[in-house]
Amino acid sequence: MKLLAGDLGGTKTLLGLYDEGDLRLLHQARYESARYSSLEAMVLEFLQEPALQEATRPQVAAIGVAGPVEDLPTGQRARITNLTYSVDSASL
């Protein structure tokens, strides 16, 4: 199983794809957070990179965020400090 791990901050976002079995890093990328309209847009760009094959798509994700997280009936939403967007776990 593949794991997408990330760190979303006001300045930069780091994304990495790992093999969940041995936590071996398969691919990583850095994005300027403010250049994107959402975390979803960054993740879509990351997943479309030529280094990733269809078989390496993640089945699970864990993203650290800079901002308060609130529970919703459909999941969780984080209001990102220093960015104009929020992250909704159901949308991601």
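Arg79 is partly exposed, with a relative accessible area of 46% (partly exposed lies between buried, under 20%, and exposed, over 50%; 1.4 Å probe, protein chains only). The model is predicted: local features need pLDDT of at least 70, side-chain atom pairs count only at pLDDT 80 or more, and totals for chains, interfaces and linings use all residues. Residues are numbered from 1 along each chain as its sequence is written, and side-chain values use heavy atoms, with hydrogens and water left out.

Five salt bridges occur in the structure (a side-chain nitrogen of Lys or Arg within 4 Å of a carboxyl oxygen of Asp or Glu). Arg79 pairs with Glu70 at 2.8 Å, N to O. Glu70 also bridges to Arg77, at 3.2 Å. Glu70 is partly exposed, at 27%. Arg77 is partly exposed too, at 24%.

A network of salt bridges links Lys2, Asp19, Asp22 and Arg24. Within it, the closest N and O atoms of Asp19 and Arg24 are 3.7 Å apart. Asp19 is buried, with a relative accessible area of 15%. Arg24 is partly exposed, at 44%.

Asp88 lies in strand S7, residues 86–88 (strands are DSSP runs of E, at least two residues, numbered from the N terminus). Asp88 is buried but has no salt bridge. The nearest side chain of opposite charge is Arg77, 4.5 Å away (Lys and Arg count as positive, Asp and Glu as negative; His and the chain ends are not counted). Beyond neighbours within four places in sequence, Asp88 contacts Glu40, Leu72, Gln76 and Arg77 (contact means heavy atoms within 4.5 Å).

Conventions
Helix = DSSP H or I, 4+ residues; strand = E, 2+ residues; numbered from the N terminus.
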